Amino acid sequence: MGETLDVDNANKPTNVENSNEQIDINNTNANANNTNNANKQLNGDNTHKEKEINNANVNENGNNKHDNNEHVNNANGQIDTNNTNEPISTCVEIKMEPNATEEKKWERAGITYQILMALCANVVVLGPAMGFGYSAVAEHAMMSPKDENDLKLDSNQANWMATVSALGTPLGCLLSSAVMGRGRRVSMFVTSLISMAGWVTIYMSNSFVQILIGRSISGISTGMASVPTTVYVAEIAGPKWRGTMVTWTSISIALGVLIVYIFGLIIKDDWRLVALMCALFPVCAIALTLLVVPETPLWLRDQNRPDEALEIMKKFRGIPKDQPAPPEVLFELKPRQQKKNQNLLKHLVKRNALVPFGIMLSFFFFQQFSGIFVIIYNAVAIMEKSGVELDPYLGAVLIGVARFIASLLTAGVSRKYGRRVPSIISGVGMTIFMGGLSLYLFLADKGTVMADNGVVPVICMVMYIFTSTLGYLVIPFAMVGEVFPPKVKDILSGSTVAIGYLFSAVTVKTYPDMQRVMGMHGVFLFFAIISLIGAIFILFFLPETKGKTLREIEDMFASKKKAFELQPTEPIVEEIVTPTSGGLLRN
């Protein structure tokens with residue numbers, strides 16, 4: 001017949017040449033021999049024309065005299081064309097599946113981008129976190145100023161300086177819940193702006209009232225900082241790294257406290273300069289938030305912006321723009337099917353919201369009443385009163401170093417062992433070291449002569465902070481970003497941390513009264529007992545979230561199993577995912 005069919009493939013043209021009724025097929029990657037047609041002549045029943053091509057897996061009707069159906073089975077797709085005795089050129093799109101090397105390359109790129117954005121987001125935490133340690137280093141300078149004409153506080157005012165910040169923190173947590181609805185980036189930007197305002201106000205203060213205002217503003221920013229950052233990281237991180245990355249908020253808090261302790265050691269007598277130096281960190285955070293950090297895909301999805309959500313999610317998973325999103329990425333962005341006209345209250349009273357809310361509130365109760373924040377807010381004074389024969393400012397720095405190192409270790413420990421094991425070890429360790437310090441001070445009060453030169457209190461204090469950071473201090477803040485359902489995450493995560501900081505305000509304010517009534521050793525014994533009870537609670541009620549997606553965690557709390565037996569109800573691999581991204585994200 002002498003006719004030639006040119007079939008254009010997605011990557012390379014495929015030529016099918018029919019000459020004297022012979023077929024030669026050149027496919028995209030190699031010369032493929034079509035099963036029934038390579039160099040084979042075909043005969044038909046047509047009385048006026050020669051038979052046309054019958055390709056693999058296709059039946060030809062030989063009685064057609066004018067129109068001949070030709071079917072060409074390609075290596076990657078199937079082509080159906082009508083041959084009307086004219087040359088035909090058909091374009092075929094072939095979806096190339098990525099090989100294992102490409103997939104690993106994409107995964108590395110995605111993890112790198114997740115880490116960079118998580119680090120940028122955690123810069124937001126540094127400025128507000130310095131408010132935790134500021135009262136410890138500024139209290140002495142404010143109570144005994146070098147300049148007689150400078151602001152001077154008494155002991156009660158100094159206590160209020162620490163307490164008012166703790167009281168402002170819950171307000172910041174509630175405010176963060178409202179602001180997070182506007183976007184995670186917006187919330188982090190507002191947090192940094194308020195933090196900068198607080199530090200500048202403290203720097204410019206000339207009265208006790210102004211100090212309280214500045215500390216209140218700083219406390220509000222402290223409450224706003226942890227939840228949006230933790231939620232942001234939880235929403236951008238993949239299941240493999242989420243357990244590690246959500247602990248970085250606590251690492252940032254520990255780093256911020258350590259930095260302000262170091263400022264206090266270097267600049268012992270100038271609390272204004274310390275405040276001004278602290279104000280530089282929110283400025284850096286504002287720049288990073290506006291110029292570098294993108295919005296989270298899950299928030300965009302919930303705002304009915306599926307195309308933007310998919311584009312950013314592909315970037316966080318390392319998938320090139322010109323490649324289709326794999327099913328697991330589409331599954332992450334698939335919204336939950338919700339009943340129509342179901343208001344917020346109905347979501348709040350569901351089991352998968354109430355159960356994690358109760359567990360996390362209890363965890364925060366044991367965290368705060370075990371004395372962690374009392375030690376942090378009063379590190380210098382406690383070092384002086386505990387019989388430590390060391391510069392109290394240096395002792396505070398040692399506490400900060402121990403907390404920071406433990407925070408770094410917690411990231412790796414949490415990734416390997418999850419949430420429960422580090423938390424239980426943390427509670428037991430806190431019980432041992434705080435109980436040991438209580439016994440030491442009790443014996444010292446009874447007149448027992450200690451030949452340790454003040455080494456035992458230092459070891460007990462540092463190890464107490466170290467073990468507390470392995471679990472009690474870090475894990476609750478990490479879990480609030482992952483345990484609540486998306487519909488109520490903003491409200492419940494902020495409310496949980498707000499109530500936790502209310503517990504903190506109570507412990508910080510009542511600490512001087514407890515010390516007068518119970519003595520230092522009695523206070524520390526109380527902290528040890530609460531730590532032990534908390535460890536028992538964790539053993540029986542805290543569920544494990546290690547290695548689970550946010551959807552699996554939500555399903556886990558929806559089940560009626562006992563807390564320590566909770567497991568995901570449906571594995572992700574069993575979900576049937578429609579391969580059309582637009583339709584899937586809009587379902």
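A salt bridge is counted when a side-chain nitrogen of Lys or Arg lies within 4 Å of a carboxyl oxygen of Asp or Glu. This is a predicted model, in which local features need pLDDT of at least 70 and side-chain atom pairs count only at pLDDT 80 or more, while totals for chains, interfaces and linings use all residues. Residues are numbered from 1 along each chain as its sequence is written, and side-chain values use heavy atoms, with hydrogens and water left out.

By the salt-bridge rule the count comes to 8, and one of these joins Glu235 to Arg184, with the closest N and O atoms 2.8 Å apart. This pair links distant parts of the chain, since Glu235 sits in helix H4 (residues 208–236) and Arg184 in helix H3, 51 residues apart; helices here are DSSP runs of H or I with at least four residues, numbered from the N terminus. Glu235 is buried, with a relative accessible area of 5%, and Arg184 is buried as well, at 3%, where buried means under 20% relative accessible area, exposed over 50%, and partly exposed in between, using a 1.4 Å probe and protein chains only. Together with Lys489, Arg184 and Glu235 are linked in a network of salt bridges.

A second pairing to look at is that of Asp513 and Arg516, whose side chains meet in a salt bridge at 2.1 Å, N to O. Because these residues are 3 apart in helix H19 (residues 486–541), about one helical turn separates Asp513 from Arg516. Asp513 is partly exposed, at 38%, whereas Arg516 counts as exposed, at 62%.

Turning to the helices, two packed helices are described by the angle between their axes and the distance between the axes. Axes are lines fitted to C-alpha atoms, for helices over the stretch in contact, and angles run from 0 to 180 degrees between N-to-C directions. The axes of helix H1 (residues 100–143) and H7 come within 9 Å and cross at roughly 175 degrees, which makes H1 roughly antiparallel to H7, a label given to angles over 145 degrees. The contact, meaning heavy atoms within 4.5 Å, includes Cys120 and Tyr134 of H1 and Trp271 and Phe281 of H7.

By comparison, the axes of helix H12 (residues 351–369) and helix H20 (residues 550–558) come within 7 Å and cross at roughly 90 degrees, so H12 and H20 are roughly perpendicular to each other, the label for 65 to 115 degrees.

Conventions:
Helices (H or I, at least four residues) and strands (E, at least two) are DSSP runs, numbered from the N terminus. Angles under 35 degrees count as roughly parallel, over 145 as roughly antiparallel, 65 to 115 as roughly perpendicular and the rest as oblique.
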